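Trainee: Hi! Could you walk me through this one? I'm still new to reading structures.
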Amino acid sequence: MDKATGWQPLAALLATAARVVAFTGAGISTESGIPDFRSPGGVWTRYDPRDFTFAKYVASAEVRARAWRMRREFWQADPQPNAAHRALADLEAAGRLRGVVTQNIDGLHQAAGSTTVVELHGTSRQVMCIGHAPRVGTPDGCGFRSGYRWAFDHIDDGETDPRCPQCGGIVKSATVSFGQNLFPGVLDAAAALLGDADLVLAVGSSLQVYPAAGLPASAAATGTPLAIINDEATPLDALASLVVRGRAGAVLPPAVAAVACRTAPQQ
């Protein structure tokens, strides 16, 4: 494992890769003004995560009302993609990045221009029907989905607990809550992307949340180079070919710019 603080070693590693896959966590979005869940000012300093399990959301209209308040607070900040999101989109446009696997629910990769994004924990940009009484952590809705503003419009019209317009079921943000199963196929899609990579970039992730963290760990264990860009140490540092200590918005843009105009190696 090489340790670095500047972008040049990352640029050198990127120059050898033609099938890069990025694995991103909350740290890539903090520079967009989104605090991670556990940092000072983060979501769980203002809300108790034990109140927002899938089972409690299904059982309690009061919990659902508080969850909608939390979502409104998030979107009122109007987060926008930052330089790190845009750098990954640029790397894709240059033909070197196969896609992004993200733990984030903010949709900022797509907003920056990335076209292949696997969202492990869903998206807060949409709401979905989860059915009338889903059990064992699995949504069981009719298929209704809409933009997140659908819920806010109905709440503003006096519906404290907006229901599915198609079947009357419970509506929830299209994200994975505590105690909720991942959406079908998402892990397989992520594993397929990483399985074809010749370089995995882990950006802004603590690499502590499983099963998500198992994806880059498995890639590194099978010999795929792993580069970690993070402010703090992670449990996978020892598996990495390169660890860069720093903020994603400072490290990624110059490293990508240095290689984006070059022809990718034939592999």
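This is a predicted model: local features need pLDDT of at least 70, side-chain atom pairs count only at pLDDT 80 or more; totals for chains, interfaces and linings use all residues.

Trainee: Which residues of helix 9 are the buried ones?
Mentor: They are Gly214, Leu215, Pro216, Ala217, Ala219 and Ala220.

Trainee: And what covers them?
Mentor: The cover includes strand 2, strand 3, helix 8 (186-195), strand 8 and strand 9.

Trainee: Okay, new topic. How many residues are in the largest nonpolar core?
Mentor: That core has 27 residues. Those with the most contacts inside it are Leu10, Leu14, Val20, Leu199, Leu201 and Leu252. Several elements give two or more residues to it, including helix 1 (8-14), strand 2 (20-24), strand 8 (199-203) and helix 10.

Trainee: Which element gives the largest share?
Mentor: Helix 10, with 6 residues.

Trainee: What does Leu199 touch?
Mentor: Leaving out residues up to four places away in sequence, Leu199 touches Leu13, Leu14, Ala17, Arg19, Val20, Val21, Thr224, Pro225 and Ala227. Apart from this core lies another one, of 26 residues, with Phe52, Ala67, Trp150 and Phe152 among them.

Trainee: Back to helix 10. At what angle do helix 5 and helix 10 cross?
Mentor: Roughly 25°, and the axes of helix 5 (residues 83-93) and helix 10 (residues 248-260) come within 8 Å. Angles under 35 degrees count as roughly parallel, so helix 5 is roughly parallel to helix 10. Their crossing is left-handed.

Trainee: Which residues make that contact?
Mentor: From helix 5 you have Ala83, Ala84, Ala87, Leu88, Asp90 and Leu91, and from helix 10 Ala248, Gly249, Leu252, Pro253, Val256 and Val259. By class, that contact of helix 5 with helix 10 has 10 nonpolar, 1 polar and 1 charged residues.

Trainee: Last one: how do helix 4 and helix 7 cross?
Mentor: The axes of helix 4 (residues 61-76) and helix 7 (residues 149-156) cross at roughly 115° and come within 11 Å. This crossing of helix 4 and helix 7 is left-handed too. Trp68, Arg71, Arg72 and Trp75 in helix 4 meet Ala151, Phe152, Ile155 and Asp156 in helix 7.

Trainee: What classes of residue are in that contact?
Mentor: Between helix 4 and helix 7 there are 5 nonpolar, no polar and 3 charged residues.

How values were computed: Residues are numbered from 1 along each chain as its sequence is written. Side-chain values use heavy atoms; hydrogens and water are left out. Axes are lines fitted to C-alpha atoms, for helices over the stretch in contact, and angles run from 0 to 180 degrees between N-to-C directions. Helices (H or I, at least four residues) and strands (E, at least two) are DSSP runs, numbered from the N terminus. Angles under 35 degrees count as roughly parallel, over 145 as roughly antiparallel, 65 to 115 as roughly perpendicular and the rest as oblique. A crossing is left-handed if the near helix is turned anticlockwise from the far one by less than a right angle, and right-handed if clockwise. Contact means heavy atoms within 4.5 Å. Ala, Val, Leu, Ile, Met, Phe, Trp, Tyr, Cys and Pro count as nonpolar, Asp, Glu, Lys and Arg as charged, and the others, Gly among them, as polar. A nonpolar core is a set of buried Ala, Val, Leu, Ile, Met, Phe, Trp, Tyr and Cys residues joined through side-chain atoms within 4.5 Å. Buried means under 20% relative accessible area, exposed over 50%, partly exposed in between (1.4 Å probe, protein chains only).
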